[in-house]
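Let's take a tour of this protein, starting with a few single residues and ending with the overall build. Keep the 3D view open and click along as you read.

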Amino acid sequence: MTNEELMTEAKKAREHAYAPYSHFQVGAALVAGNGKVYHGCNIENAAYGPSCCAERTAFFQAVCEGVREFEKIAIAGGPEGSGADELCAPCGVCRQVMMEFCNPQAFQIVLADGKGGCRQFTLDELLPYGFGPKNLG
């Protein structure tokens, strides 16, 4: 799947976002090692703390199905009613979840570039010196 196709999937997932407080909708499309795509959207809560980002929603859905290997994720976000074409990088908590399950040198994160295209980063580029399972072994 190309980065552009995966970004289209992330934008579709964004349509299901539940963001009545921030009105900032995010969608994610996560490619597992088996090629299956898992979708996620942000889900807000009036108490804020129980809210969950789109990226974590996609990862948790895959993990609940027994998947533990991942290749890349596309993230599409922006204010409600926008085209979600602006750069929307994952938050620190989502980067940490990625670190738990992904090889930081190989896992790819695809973001909109704000100009109708995509930019691709490794997890290592967005979370240098990340702390993960290998640090505990």
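His 23 sits in the loop between α1 (3-14) and β1. Helices here are DSSP runs of H or I with at least four residues, strands are runs of E with at least two, and both are numbered from the N terminus. This is a predicted model, where local features need pLDDT of at least 70, side-chain atom pairs count only at pLDDT 80 or more, and totals for chains, interfaces and linings use all residues. Residues are numbered from 1 along each chain as its sequence is written, and side-chain values use heavy atoms, with hydrogens and water left out.

So what's the phi of His 23? His 23 has a positive phi, near 55 degrees, and is not a glycine. Most residues other than glycine have a negative phi. With a relative accessible area of 39%, His 23 is partly exposed; buried means under 20%, exposed means over 50%, and partly exposed is in between (1.4 Å probe, protein chains only).

Tyr 129 is another non-glycine residue with a positive phi, near 60 degrees. You'll find Tyr 129 in the segment after α4 (123-126), and at 82% relative accessibility it counts as exposed.

Now look at Ala 32, which is in strand β1 (residues 24-32). Its relative accessibility is 0%, so Ala 32 is buried. Leaving out residues up to four places away in sequence, Ala 32 touches Tyr 38, Val 67, Glu 69, Phe 70 and Glu 71; touching, or contact, means heavy atoms within 4.5 Å.

Gly 40 belongs to strand β2 and is buried too, at 5% relative accessibility. Again not counting residues up to four places away in sequence, the residues touched by Gly 40 include Val 26, Gly 27 and Ala 28, along with Ala 54, Thr 57 and Ala 58.

Is α2 largely enclosed or left open? Eight of its eleven residues are buried, so α2 is largely enclosed by the rest of the structure. Among the buried ones are Ala 54, Thr 57, Ala 58 and Ala 62. The cover over the buried residues of α2 includes β1, β2 (37-41), β3 (70-79) and α3. After α2 comes Gly 66, with a positive phi near 90 degrees.

How do α2 and α3 pack? Helix α2 (residues 54-64) and helix α3 (residues 92-101) meet at an angle of about 30 degrees, and their axes are 9 Å apart. The axes are lines fitted to C-alpha atoms, for helices over the stretch in contact, and the angles run from 0 to 180 degrees between N-to-C directions. That makes α2 and α3 roughly parallel to each other, a label used for angles under 35 degrees. In this pair, Glu 55, Arg 56, Phe 59, Phe 60 and Val 63 in α2 meet Val 93, Cys 94, Val 97, Met 98 and Phe 101 in α3.

## Zooming out

Altogether, the protein has four helices and five strands, in the order α-β-β-α-β-α-β-β-α along the sequence. Of its 137 residues, 46% are buried. Residues 24 or more positions apart account for 61% of the contacts with a separation of 6 or more. The C-alpha atoms fill a box of roughly 45 × 35 × 30 Å, taken along the principal axes.

How values were computed. Parallel < 35°, antiparallel > 145°, perpendicular 65-115°, else oblique.
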